[in-house]
Structures are given as C-alpha cells and as structure tokens.
Amino acid sequence: MYKYKILKSDGSSEEFSTEKLSLDSLQRHVGGFIQLLPNPSAFGIETDGDVYVNEDGKLLNLPANPHATITDFDVLVGDILIEEKI
C-alpha cells in the first residue's frame, strides 16, 4: 500500500492511499512526463518516499508551486506528487 500526496500549484493539496500507481497514473497526476526529484529536501519537501514533478513543466510555463521552497538555483513548477510506501 502507498500513500500519495499531491501538492498542487494552486496552493491546495490532496492525499490518498492505494496500491502503487502505474506510470500512466503518475503522469496524469503531474500533467505530463514524470521526473524523479533527486533531492526534495533542498526544496523544503521532507519525505522518505519518492517525489515526482512534470519533466517539461518549465517548457510548458507551468506556475511555480507555492508548496516548494525556491532555491538559488531552481524552482519547482506545476503539481508535485509524493509517493510513500506504508
């Protein structure tokens, strides 16, 4: 079983638990191709799980995500999906 949290770029969030999501489902939740975020704590996202973002979010001019800290070198855009095994 997995717990998922979606940090939406509009400032809202959503949580749910289910079996592991398929690639198609992961992509649907971030609005495109997924990219695994290698160091989520650098953006203020504390988790032991995996964090996914839209790989093309900046090219698509998605809005900055207010749940993530803007760093000196990067900003996270679009919806962010957190996956934790429970």
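Asn61 sits in the loop that runs between strand S4 (50-54) and strand S5 (80-85). Keep in mind that this is a predicted model. For background, most residues other than glycine have a negative phi. Is Asn61 buried or exposed? Asn61 counts as exposed because its relative accessibility is 68%, and the cut-off for exposed is over 50%.

Now for the sheet. It's an open one, built from five strands in the order S2-S1-S5-S4-S3, with antiparallel pairing. Strand S2 (13-18) and strand S3 (34-36) are the edge strands, each pairing on one side only. On average, neighbouring strands in this sheet are turned by 25 degrees against each other, direction ignored. Strand S1 (residues 2-7) runs antiparallel to S5, and six bridges join them. In this pair, Tyr2 stands opposite Lys85 in S5.

Next, the nonpolar cores:

| Core | Number of residues | Among its residues |
|---|---|---|
| Largest nonpolar core | ten residues | Leu7, Leu37, Phe43, Ile45, Val51 |
| Another core, apart from it | eight residues | Tyr2, Tyr4, Leu26, Val30 |

The largest core also includes Val53, Ala68, Leu76, Ile80 and Ile82. S4 and S5 each supply at least two residues of this core.

Which residues does Phe43 contact, leaving aside its neighbours within four places in sequence? The list is Leu37, Ala68, Thr69, Thr71, Phe73, Asp74, Val75 and Leu76. Among these, Leu37, Ala68 and Leu76 belong to the largest nonpolar core along with Phe43.

Methods. Residues numbered from 1 in each chain as written. Predicted model: local features only at pLDDT ≥ 70, side-chain atom pairs only at ≥ 80, totals over all residues. Heavy atoms only, no water. Helix = DSSP H or I, 4+ residues; strand = E, 2+ residues; numbered from the N terminus. Buried < 20%, exposed > 50% of the residue type's maximum accessible area, 1.4 Å probe, protein only. Pairing = 2+ DSSP bridges. Axes fitted to C-alpha atoms, helices over the stretch in contact; angles between N-to-C directions. Core = buried A, V, L, I, M, F, W, Y, C linked by side-chain atoms within 4.5 Å. Contact = heavy atoms within 4.5 Å.
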